[in-house]
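Here is a short report for a first look at this protein. Keep the structure in view while reading.

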Amino acid sequence: MFSVGAESLLRQAREIQEEELRRFASRLAALLRGPEPGSEAADCLQRLHLAVAATKYPRRLDGEFVELLQKVLCSSKCPEQIQLLCAAILREMSPCNDLILSCDEIQDTKLLSLVSSILLAQGNKKNEVFAVGQRIVKILGKRLPEGDGARNILPLLSNVISLSPESLTEEQTDLLSKKMADWLRYASVQQAAPPPSGGFFSSPRTRPPGPVTEVDGAIATDFFTVLSMGQYYTQDQWLNVQAFSMLRKWLLCFGGKGLKTPNSGDKSGMDRSVMSMVSTTPTSSHLLPPKERLREKAFEYCQRLIEQSNRRPLKKDDGDLQKACLIEAVTIMDIICKQDSSYVYRAASFLKILHGRICRDATYARTLLPIAQFFLNHSKVAAMDSDVIYTHLFTDIPAQLFHNPSLAFEFVQFCKDNSQLFTETSSIFKQSFPNLFKFLAWNSPPLISEFVDLLPFLLDASTAIEIFHLLLDLPCLTAALDIQLRSTALPTTKRAACNPAVKPATCLEAFHHPLYKSTFQYLLRTESAPEDAPESLIPLRQLLGSLAGSPRVVQCAETVPVLLELFFRVVSEFADGPLINQLVVLLLQRSDQLYEIPAFKDDVYRVLSLQLVVLCKLHPALIVELSKEILDFSGTVSNIQNKEAIFTHMVWAIGEYMSASYDKRCTVEQINHFFENLETVLFEITQVRPLASSRSYPPRAISVLMATLAKLAARSQDLIPRTSMFLSKMKTFVQNSDVASVYCKEDLEQILNQATDLVNLLKMPSMAQFVLMSPGDVASTRFQKEVNDSFPYALRIVTLLLEPVPGFMPG
């Protein structure tokens, strides 16, 4: 957040009108045309820069003034501060139509840096990028000037290859590859002399600069790297650091060009490695082509960095630098091995040792990702078993560091990028999905899009059921992780011993209590364990109810419906009948066993109800195969109030698919059984009671129950009289004053109209059988589709035929 003063300045800058800005630019132009622009001109330039940068839309400045800024920028007499401000304003106004700048003749590298930054900000115009690239190559091809001017060149080169790598020719890239190899390998190991102080007591005799040191303070005995410490640095040391910073990008753009692909007659990978080791002697390295020599020097540089990372740093910041350089070094090694497989065997042995050294140190967790990436890419060539590396990565890291947001994102991104490769090479990836979901449970909003991409790779017939449970328990997992973190943060002295005979009063006490220990362990498991699930997590969900209002838990709960919809969409692509049956049974069971967050339960019910219809459509025979479970669910009146959406869709599916046309095992006795079950439910919710006990049940449920009873009666016509009599009594229900007090008039009218329509339809059994039949009962025709799409309209037509109103003539 900005301070009050900063906010005031920004508001003033945004509110400046074009005319006022033009007058201000005119006054500033007079100052810039003076013999020596001073502090007043610098102050005005700062204010102008704020004015052009504070708005989203581009500010307009007079073309003559823009030209003046460019002339001042290129003036050799202009102070450096004035040049920097002119360049900043011109960059902010890019793309600029009044640009007259050119870098062709600029010798001063600082000025070249400023001018090039403006040219490169013009919207990736190929001509400007090409011109900057050519000028940089020309300067780097010569002997670099003394001082620190060359430090401005390599960042520009990095920008050029980001915008347009094709602007450099192969001859130029070879030249720069040779330069970069020298900068990486042959930088001085002596510190630079300190700048002269110029004070009265300064001695004309200065001490010679000392050697650079390692991060632990020891004198460096090998070549200079970014991890070599010094108080002052020479120009070649700065070039060394900058060359390493852009090495990855350079190798990706130019390192692989002109490579010879190995054929069947090549020697084995180990033989090539031996040849490469022989060729890396100082004498022979100069004979290699520039790109191969750069790879060799880059590989040596990365090896040296990995060795330096083993030293204990004197400062914390140096420790962080070590870890960052280690990640970059391993990544570059991976790139080099992709471009030249002769390095694979050496790198794999080196990185195997590195992994063994750092794998137990949680502070190096991010480094384990590029190491695992390397072995995913090259373990076959290196002929090494890498399962130990993957097992540690997927078992220990998520369990210990799920609360590290940056690591969580990188870890899940790593899994997403390599999901296809993991499924082909190792089963550990799928076995560890409960661990991966800890990242989502703790960091749900930022990681939801990554898990949408990742989830399909985790799902198959063997994992679907367990993942379904896990998704429904995701908010509960978030609460359990919260308890785990708080428990581990407590000092050992405060972790009171659990008394098995006393029920825990808080979640923290329950974490180690025998009553809840097994359920906590299952919820926080690191690997898939479908057979080890406790009988029920209901007690744990109730215990963790005190955390249901936690913002982190609520945020996690909001992601579940999205993932549930994706889950069913993916599962429907491969699920067979038995798996669909399992999911439907679990869907009905788990609808009673959700974490107590009202909005979460409503959203989950909505998704489950819609997906229930999809599953029934995929496997209609489940109505017969799961008749016991479905009868139990649909015969429970409380489900109408608590889970109306699921209940209504289940009853609809009974009416739609309880038919011999979908399953030859469907008998009249089964239809009668379902009919009696639903009839009892409808009677229970529509019987007239005294006002004190009247309850309002959802009108949609009543409507679907009536329609389903009529459909079942049409398929077992002995039930038609019974159904007609029952539906006729709906008029009494609707007209009761107690009922009218708990339902709105429109709902009661709709219920009565539908009951009347169904009674009239059942008076013509043949018509009823046709209108109420499901699409599976007859061949699918256009007319049949229209009849089913227009079901309410068909009922009204039948009613009008049987009870014609004055003036109505069917035609």
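## A buried asparagine

Asn 677 has a relative accessibility of 19%. Buried means under 20%, so Asn 677 counts as buried. This value comes from a predicted model.

Asn 677 sits in helix α36, which covers residues 668-686. Beyond its neighbours within four places in sequence, Asn 677 is in contact with Leu 631, Ser 634 and Gly 635.

## The whole protein

The protein has 44 helices and zero strands. Its residues number 811, and 49% of them count as buried. The protein exposes about 39,800 Å². Carbon and sulfur atoms supply 55% of that area.

Residues 24 or more positions apart account for 75% of them.

## Helix α9

Helix α9 has 16 residues, 170-185. At 1.5 Å a residue, α9 should span 22 Å.

Several residues of α9 are buried, among them Leu 176, Met 180, Trp 183 and Leu 184. Gln 172, Thr 173, Ser 177 and Ala 181 are buried too. The cover over these buried residues includes α7 (126-141), α8 (153-163) and α10 (235-245). It also includes α11 (247-255) and α14 (290-308).

## An exposed loop lysine

Is Lys 56 buried or exposed? Its relative accessibility is 92%, so Lys 56 counts as exposed. Lys 56 lies in the loop between α3 (39-53) and α4 (63-74). Arg 14 is 42 residues away from Lys 56 along the chain, and their C-alpha atoms are separated by 9.3 Å.

## Salt bridges

The structure holds 31 salt bridges. One joins the side chains of Arg 23 and Glu 19, at 3.8 Å from N to O. Both residues lie in helix α2 (residues 18-32). They are four residues apart, about one turn of the helix. Arg 23 is partly exposed at 41% relative accessibility, and Glu 19 is partly exposed at 39%.

Lys 297 forms a salt bridge with Glu 296, with the closest N and O atoms 3.3 Å apart. Lys 297 and Glu 296 are both buried. They also belong to a network of salt bridges that links Arg 185, Glu 296, Lys 297 and Glu 300.

Asp 396 forms a salt bridge with Arg 360, with the closest N and O atoms 3.1 Å apart. This pair links distant parts of the chain, 36 residues apart. Asp 396 is in helix α18 (residues 387-401), while Arg 360 is in the loop between α16 (344-358) and α17 (365-382). Arg 360 is exposed, with a relative accessible area of 68%.

Notes. Residues numbered from 1 in each chain as written. Predicted model: local features only at pLDDT ≥ 70, side-chain atom pairs only at ≥ 80, totals over all residues. Heavy atoms only, no water. Helix = DSSP H or I, 4+ residues; strand = E, 2+ residues; numbered from the N terminus. Buried < 20%, exposed > 50% of the residue type's maximum accessible area, 1.4 Å probe, protein only. Contact = heavy atoms within 4.5 Å. Areas by Shrake-Rupley, 256 points an atom, 1.4 Å probe, with all protein chains shown as cover. Expected span 1.5 Å × (residues − 1). Salt bridge = Lys/Arg side-chain N within 4 Å of Asp/Glu carboxyl O.
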